[in-house]
Amino acid sequence: MSDETPRMEMETDIVCVGFGPAAGGFLTTLTRGLVNEDGTYAAESKAMPGMPPQVICYERADDIGFGVSGVVTKGRAIRASFPDLDLSQIPMAHEVTSEKVLFLKDPVGASRRPGLFKLADKVLGRWMEDDAFELPYIPPFLEKHPGMIFSIGQLNQWVGGNLMGTGLAQVWPASPVAEPLVEGAAVKGVRMADQGVDKNGEPGAGYMPGMDMKAALTVVADGPVGPVGQELNRRLGMPEGNHQREWAVGMKCVVDLPEGCDWEPGTVLHTIGYPEPEIFGFLYVYPGNVASLGIFVPSWFDNPVRTAYRYMQHWMLHPYLWKRLQGGTLRSWGAKSLNESGKNGEPILCGDGFARIGEGSGSTNVLTGSGVDEAWATGVQLGEAVLELLKAGKGFTKENLQATYVARRRASWVEKEAEVARKSRDGFTKSVIAGFLGMGMTGLTNGLLNMPGKPVKPQDRIPSVEDYYKGYIHPGEIAEIRATCAKKGASLHDALMDRVGWPEIPLDGRLLVSHQDALLMGGKVQANPGYGDHVRFADPHQCEACREQVCIEACSGQAIYTNPEGGTPLFDREKCVHCGACMWNCSKSDPKDKERTNVKFQAGSGGLHSVEN
């Protein structure tokens, strides 16, 4: 909409965008420090004199507990915030009691295993149990024991309940923020998403322009695909040499394990090798015979038809896992995009009137595969900095935030470990073998040695379907498969996976269910009416000519689908889980910004409704 549109305005002191671990750490630290030991307030609101600072946090999802992830973490920052933490008070939380790294052999012969993996299959075969080899040693940089596992949705609910009980912070779910309010180089607050508009964002019946929420400080904690963080990156650019070119989609579910399963609460499994060498797997066992499990499909996996859902089902069917999963029941399912650039993806952390925390600020440690505790730590650091400035009566200028927040972050373990990890995954830009060797070199030498490699934009890595299947499927046959799928309005991935030898998934209606049924079991996907579509295409003409249409193949909820009449793909936001995979799984660049893809992921409501995944 035009900036000339009259809008309501509201003044507050601090506005926070996105409620996750980073915002949880920030608000927990801030609210605790706003009250002195004698019960008086440590600072006064400028928006409402005589009151404590007014703090509002807006969350897009319809509930603050709709986080999508099972988590294993050392939990250093979280435990520091809660020294007397009793994990039994948080549903689905438990200490790590057992941890294994498993090398999985390909039991079906359909994966693309490089020679070294094939050699490992043969050499390790004599010691394998159910086509899996348990590594006798877990490198210290990967080990999470002692640590904790939990559902991020349940953690968010627990933290949010504690915060709301203080009366010093308001957390508003179902409140999508469209963009930051920028004046020059300063951020003056945020603009809420317009309501009463059609799918293209044009005013309709009941049109209500999004309100402008003015604030002295805007805390950007909206993750890797949040519209506020994205817009700031566009306007301000990235620090020299930094980029956000490495991503992954995490496809995850929560499962009731079958009776008699021998996995005890606190069990943690990490897997490599299957269903493809580039895909990592995880499984965490909660109390009550419940497990969180899934896979990570990274951007360096060059398959242009990279369907995470079917790969996850093949992973679950691996003999080692299926032996213990068979008879289980799917409780909930979800997906999330992960910014895997780590320190290389750190944006400008602060400026006049704003500061960035969490995953979108580049806090994830890509060597250890740890992000939640690091995100919480950055929130704590900002909370301490804001309290220092409030008590000193100083403004939230770039200079003051750098001297307090950024200085704390640079002196912390988060920064030191992120620097060690900075180049740890560069080898994956060359090959999966180089990637694993590079991670080992980095971890074992504390960052002194790395495998060289230059991160490449996903849209510059993704090959054509014909190039990827060269030597496996003749181009003429691919053309026939493509034509057949187009007539059915179906994507290519199932047909191509069938063709190269991946067996059909034996759907049992309980744990192995169709992709569409997964959208309905143990939760639901919902988009509130009156908002514009949040997935758009920067240049539809590029979509019409695109032959890969990776956005369709990689869509976690099948919300982007083939247009039977040809041309630009269609989008059904009632199926969108807001994972953002489409934004980086695109083989074409935005004509106006070659660093970004042709898919635009904007503010939107709804998403996946599941409090336990």
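**Notes on the predicted model**

1. Three strands make up an open sheet, ordered β3-β7-β4, and their pairing is antiparallel. At its edges sit β3 (70–73) and β4 (94–95), each of which pairs on one side only. Please keep in mind throughout that this is a predicted model.

2. A closer look at the β4 side of this sheet: β4 and strand β7 (residues 148–151) run antiparallel and are joined by two bridges.

3. Strand β5 (residues 98–104) pairs with β15 in the parallel sense, over six bridges. K100 stands opposite L269 of β15.

4. On to charged pairs. How many salt bridges does the count come to? The total is 35 salt bridges. Among them is the pair E129 and R324, whose closest N and O atoms are 3.3 Å apart. This pair links distant parts of the chain: E129 is in the loop between α3 (115–124) and β6 (132–134), while R324 is in helix α7 (residues 319–325), 195 residues apart.

5. Are E129 and R324 buried or exposed, or something in between? E129 counts as partly exposed because its relative accessibility is 39%. R324 has a relative accessibility of 10%, so R324 counts as buried. The cut-off behind the second call is that buried means under 20% relative accessible area.

6. R324 has a further partner. Its side chain meets that of D262 in a salt bridge, at 3.0 Å from N to O. Here too, distant parts of the chain are linked, with R324 in helix α7 and D262 in the loop between β14 (247–256) and β15 (267–272), 62 residues apart. Which residues belong to the network of salt bridges around here? The linked residues are E129, D130, D262, K323 and R324.

7. Another salt bridge, this one later in the chain, may interest you. E548 and K588 form a salt bridge, their closest N and O atoms being 3.1 Å apart. The two come from distant parts of the chain: E548 from the loop between α17 (540–545) and α18 (550–554), K588 from the loop between α19 (581–584) and β25 (589–590), 40 residues apart. E548 is buried because its relative accessible area is 12%, whereas K588, at 22%, is partly exposed.

8. Two helices are worth checking for burial. S81 lies in helix α2 (residues 76–81) and counts as buried because its relative accessibility is 9%. Leaving aside residues up to four places away in sequence, S81 touches R32, W376 and V380. Helix α5 (residues 227–236) is mostly covered, with seven of its ten residues buried. Those buried residues are P227, V228, G229, Q230, E231, L232 and N233. Just after α5, G237 takes a positive phi of about 75°.

9. Last, the cysteines. How many disulfides does the count come to? The count is zero. For C350, the nearest cysteine sulfur is that of C16, 16 Å away. C350 is buried, with a relative accessible area of 3%. For C551, the nearest cysteine sulfur is that of C586, 6.2 Å away. Why does C551 count as buried? Its relative accessibility is 7%, and the cut-off for buried is under 20%.

Terms used. Residues are numbered from 1 along each chain as its sequence is written. This is a predicted model: local features need pLDDT of at least 70, side-chain atom pairs count only at pLDDT 80 or more; totals for chains, interfaces and linings use all residues. Side-chain values use heavy atoms; hydrogens and water are left out. A salt bridge is a side-chain nitrogen of Lys or Arg within 4 Å of a carboxyl oxygen of Asp or Glu. Helices (H or I, at least four residues) and strands (E, at least two) are DSSP runs, numbered from the N terminus. Buried means under 20% relative accessible area, exposed over 50%, partly exposed in between (1.4 Å probe, protein chains only). Two strands pair if DSSP finds at least two bridges between them. Contact means heavy atoms within 4.5 Å. A disulfide is a pair of cysteine sulfur atoms within 2.5 Å.
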